[in-house]
Amino acid sequence: MIARELAAWALGLAEVPGPVSAAATRHLLDGFGTALGALRTGAAAPAIEVARGLGGPPEAAVLGTGELLSAPAAALANGTLVHALDFDDTHAGGLVHATAVVLPAAFAVGQQTGASGREILLTAVAGYETACRVAAAAPHGFHARGLHATMVAGVFSSALVAARLLRLDEARAVDALGIAGSQAGGLLAFLGTGASTKQLHPGFAAQSGITAARLAAAGATGPETVFDGPHGVFDALSGKPADPASIVAGLGERWETTRIGIKPYAACQLSHATIDAVLDAMARERLVPDEIASIHAVVHPDSAPTVCDTSRDLTRPATPYAAKFSLPWTVAALITDGGLALDTFAPGSIARPEVTRLAARVRWDVTGPPGVAAADAPGRVTITLADGREVAGSVPRSAGGGDRPLGRAALLAKFEGAAGVPAAEAEGFARIVESLGEQPGAAAVMRAAAGLAQFNRQENQ
């Protein structure tokens, strides 16, 4: 059974190659940055409020606050924090936000159990592999059924992370995976309304995965056929053919952790190839919005339903989150502002008439190279100016992943901007996260995160 093989591998993971460990710490650093950005902007305030109300024994900290809650409650808050700005990393093959489910579970249960930094890091790698592999076993399959792959795959990742840190045996870990399967979900209904439910999905996944592991530890059982048996997660929740066996194929040899991309822009990943193609065009010629007659993009078939859904008004997004999932609006804002920043998607920004006017001139063709995941697809645009000239832009894939990873300097610059801290503070925090494997536990990282949040509050008083 796949669940048994996956659990045995994850529980027995004792060493990982250096590049895998380095990739994991990069993604954890990025996750802390996006979470601190959400904390300072209040983007996850409802989840934090509810987590505080849930309370429980003081097991784990709400990221950036130092407040101790039960591990499931802290994971609810922290998963929402990491994902609230939609600025967190993405695994292209599964279109899953891996750190948003791995970080909250690993650090919450790691603090609860007093795990060493090395154990937290190894467990995080097991979580990354699980989230990415489960999602990639049905590329866009969960999305095709109207479900968010991050939550579907994330409950399994969080359950296995918690199972390892709670030191469950293989049988109990398999039960945890089976129990988690009954909590997989996350509706994409937010796409039509701009509702905040997507922000909550990783928090739900982390909280539910921890709860599943605790239930297994207490004697509850789950189906070991959750991946490969009748009525398993793929049978029930995937709208496309799935390859469950790929979840365990090459475990310990092929590392999906190294294939996760880091977002340079706080917009839906499926718009990034087009964003980069527009930036390529902007590097060739200065573009003035009033001098643009039309913008034509080539959009992957699996991207179009998410960022080019004409059942909603793509030129006048209802909320900041809806703007992040409108390719026309995002492209128009990019050209109008000369770049994309967190403030681009602020409430006061999305109603600008000049952006709406330009967004109305964006058109697209739906096509893509066969066998290439949407988040790995090339980007191409043709911008026609009022005088009839055409400016083309193209990229082989979006920046931040694949053969176009963000370097450390770019990652730190992103962290500074999101967390709202100076370069020296970002560098100091990065060194702490990068040395996680040598630390006695999670305390130093969580203290440093709370210190950065406090620094930011003091600077803005």
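Modeller: Here we go: UniProt, in an unreviewed entry, gives residues 6-241 the annotation "domain: MmgE/PrpD N-terminal". Before anything else, this is a predicted model, so local features need pLDDT of at least 70 and side-chain atom pairs pLDDT 80 or more, while totals for chains, interfaces and linings use all residues. Numbering runs from 1 along each chain as its sequence is written, and side-chain values use heavy atoms, with hydrogens and water left out.

Biologist: What makes something a cavity and something else a pocket?

Modeller: It's a grid rule, with 1 Å spacing over the protein atoms alone: in a cavity a 1.4 Å probe fits but cannot get out, while a pocket is an open set with protein on both sides within 12 Å along at least five of seven lines. Lining residues have an atom within 4 Å of a point. Points are joined across faces, edges and corners, and the volume is the space filled by probe spheres set on them. By this rule there are 2 cavities of 30 Å³ or more.

Biologist: Which residues sit closest to the centre of the largest cavity?

Modeller: The volume of the largest cavity is about 150 Å³. It has 14 lining residues, and Leu 95, His 143, Lys 198, Cys 268 and Phe 325 are the closest to its centre. By class the lining splits into 7 nonpolar, 6 polar and 1 charged. Nonpolar means Ala, Val, Leu, Ile, Met, Phe, Trp, Tyr, Cys and Pro; charged means Asp, Glu, Lys and Arg; the others, Gly among them, are polar.

Biologist: What about the second largest cavity, and which elements supply its lining?

Modeller: That cavity holds about 70 Å³ of space. α12 (272-284) and β5 (292-299) each supply at least two lining residues. Among the residues lining it are Ala 273, Val 298, His 300 and Pro 378. The class count is 7 nonpolar, 4 polar and no charged residues.

Biologist: Where does the largest pocket lie, and how do you know?

Modeller: Domain 1 (2-262) and domain 2 (269-395) both give residues to its lining, so the pocket lies between them. Those bounds come from an automatic or database domain assignment. The pocket's volume is about 420 Å³. Of its 18 lining residues, Ala 43, Leu 85, Pro 320, Phe 345 and Pro 347 are the closest to the centre. α2 (18-41) and α14 (320-324) each give two or more, and α14 gives the most, with 3 residues. The lining counts 10 nonpolar, 5 polar and 3 charged residues.

Biologist: Why is Thr 315 called buried?

Modeller: Buried means under 20% relative accessible area, exposed means over 50%, and partly exposed is in between (1.4 Å probe, protein chains only). Thr 315 has 15%, so it counts as buried. Its place is the loop between α13 (304-307) and α14.

Biologist: And what makes Ala 373 partly exposed?

Modeller: Ala 373 has 24% relative accessibility, so it falls in the partly exposed class. Ala 373 lies in the loop between β6 (362-366) and β7 (379-385).

Biologist: What is there to say about the phi of Asp 86?

Modeller: Most residues other than glycine have a negative phi. Asp 86 has a positive one, near 50°, and sits in the loop between α4 (71-83) and β3 (90-91). With 0% relative accessible area, Asp 86 is buried. His 140 also has a positive phi, near 60°, and its 6% relative accessibility makes it buried.

Key:
Helices (H or I, at least four residues) and strands (E, at least two) are DSSP runs, numbered from the N terminus. UniProt positions are given in the numbering used here, feature names are shortened, and annotations may be inferred rather than shown by experiment.
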